[in-house]
Amino acid sequence: MVILTSFPPPVDGIKAEQPNTEAHVGNRRFGTGTLYIAESRLSWMGTNGRGFSLEYPAISLHAVSRDHRVYPQECLYMMIDAKLDETHEEDEEDRGLETDDRDDITEIRFIPEDRGVLDALFHAMSECQALHPDPEDSSSEEDDLDGEHNEGEERQNGQGANGDAASGNQIVTTGEPMDTSQFEDADVN
């Protein structure tokens, strides 16, 4: 469920402010308003003074969508890690269907009147989202760093990842010849 509420627009850390932007949550159009991309959160304020805010950790994906076969208008596309459409969930429960965790996402589209600003909005989103890393991703990054550290130690000892001299290249061999027929239809430039 998206709760439209009255709140003041952000004033600090604004990276992008785009008036005349439509907000679509799922299949529902919320109207035209101003999109604020701030360091703390993303907010949309409708012309009626009501809007919504999203915290960056809840935004699992953002992109510029230009494929008219997928959506009829170019937009700033987002996937949110929550089911914001309460009606769909209630219908499934009424029919006795279990909800799947993978379905607990919501698509949000922001469609600015001036489509030429989409790339700038995307870059502002990327910059702000980088300030709020997903805590679940930090453990895998630490594991990756540990692996790189160990590999670096091996190279200092004169051996690369494949046991040969440290050349910076990793060669993986299986002892079987590679079947190159799988690449016959590839375009070679």
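This briefing covers the salt bridges of the structure above. The model is predicted: local features need pLDDT of at least 70, side-chain atom pairs count only at pLDDT 80 or more, and totals for chains, interfaces and linings use all residues. Residues are numbered from 1 along each chain as its sequence is written, and side-chain values use heavy atoms, with hydrogens and water left out. The structure holds 7 salt bridges (a side-chain nitrogen of Lys or Arg within 4 Å of a carboxyl oxygen of Asp or Glu).

**Link between helix α2 and strand β2**

- Glu 127 pairs with Lys 15 in a salt bridge, with the closest N and O atoms 3.1 Å apart.
- This pair joins distant parts of the chain: Glu 127 sits in helix α2 (residues 118-130), Lys 15 in strand β2 (residues 14-25), 112 residues apart.
- Helices (H or I, at least four residues) and strands (E, at least two) are DSSP runs, numbered from the N terminus.
- Glu 127 is partly exposed at 44% relative accessibility; Lys 15 is partly exposed at 38%.
- Buried means under 20% relative accessible area, exposed over 50%, and partly exposed in between (1.4 Å probe, protein chains only).
- A network of salt bridges links Lys 15, Glu 39 and Glu 127.

**Arg 69 and Asp 67**

- Arg 69 forms a salt bridge with Asp 67; their closest N and O atoms are 3.1 Å apart.
- Arg 69 is exposed, at 76% relative accessibility.
- Asp 67 is partly exposed, at 29%.

**Arg 109 and Glu 107**

- Arg 109 forms a salt bridge with Glu 107, the closest N and O atoms lying 3.7 Å apart.
- Arg 109 is buried, with 7% relative accessible area.
- Glu 107 is partly exposed, at 32% relative accessibility.
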